[in-house]
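Please keep the sequence and the model in view while reading.

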Amino acid sequence: MAHRFEVYKDKAGEYRVRFKYNSEIIFSTEGYASKSGAHRAIESIKKFVPEAPTEEVE
């Protein structure tokens, strides 16, 4: 698939979401204290792009 969400942990230990299209990062969110907070952000964003899959990057 050409586009997807990725959940990852940054150097500060916060969870962030980035949206990629054809391997290019289109945007990244603010940091969240929990992985569930990052997933809630995705659900909010999906209202506008519901077909984008989500991946967790460790």
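## Salt bridges

Seven salt bridges are counted, a salt bridge being a side-chain nitrogen of Lys or Arg within 4 Å of a carboxyl oxygen of Asp or Glu. The model is a predicted one, in which local features need pLDDT of at least 70, side-chain atom pairs count only at pLDDT 80 or more, and totals for chains, interfaces and linings use all residues. Residues are numbered from 1 along each chain as its sequence is written, and side-chain values use heavy atoms, with hydrogens and water left out.

Glu6 and Arg18 are joined by a salt bridge between their side chains, at 2.6 Å from N to O. This pair connects distant parts of the chain, since Glu6 belongs to strand 1 and Arg18 to strand 2, twelve residues apart. Strands (E, at least two residues) and helices (H or I, at least four) are DSSP runs, numbered from the N terminus. Both Glu6 and Arg18 are buried; buried means under 20% relative accessible area, exposed over 50%, and partly exposed in between, with a 1.4 Å probe and protein chains only. Glu6 and Arg18 also take part in a salt-bridge network with Arg4, Lys20 and Glu55.

Asp10 counts as buried because its relative accessibility is 16%. Arg16, at 22%, counts as partly exposed, as does Glu14 at 31%.

## The nonpolar core

Which residues make up the largest nonpolar core? Its eight residues are Phe5, Val7, Tyr15, Val17, Phe19, Ala38, Ile42 and Ala52. A nonpolar core is a set of buried Ala, Val, Leu, Ile, Met, Phe, Trp, Tyr and Cys residues joined through side-chain atoms within 4.5 Å. Strand 1, strand 2 and helix 1 each contribute at least two residues to this core, and strand 2 gives the largest share, with three.

Phe5 has contacts (heavy atoms within 4.5 Å) with residues that include Val17, Phe19, Ile42 and Ala52, leaving aside residues up to four places away in sequence. Among its other contacts are Arg18, Phe27 and Glu55.

## Helix 1

Helix 1 spans residues 35-45, and its buried residues are Gly37, Ala38, Ala41 and Ile42. Viewed down the helix axis, these buried residues fall within an arc of 150°, so they line one face of helix 1; the arc is that of the directions from the helix axis to the C-beta atoms. Arg40 and Glu43, on the other side of helix 1, are exposed.

The cover over the buried residues of helix 1 includes strand 1 (3-9), strand 2 (15-21) and strand 4 (54-56).

Most residues other than glycine have a negative phi. Asn22, although not a glycine, has a positive phi of about 50°, and Ser23, also not a glycine, has a positive phi of about 70°. Asn22 is placed in the loop between strand 2 and strand 3 (24-28), and Ser23 lies in the loop between strand 2 and strand 3. Ser23 counts as exposed because its relative accessibility is 65%.

Tyr21, Ile26 and Phe27 form a nonpolar surface patch with about 280 Å² of accessible area together. Patches are made of residues with over 30% relative accessible area and no salt bridge, like charges being joined within 9 Å and nonpolar side chains (Val, Leu, Ile, Met, Phe, Trp, Tyr) within 5 Å. Accessible areas come from the Shrake-Rupley method with a 1.4 Å probe, and for residues only the protein chains shown count as cover. Phe27 is in strand 3 and, at 31% relative accessibility, counts as partly exposed.
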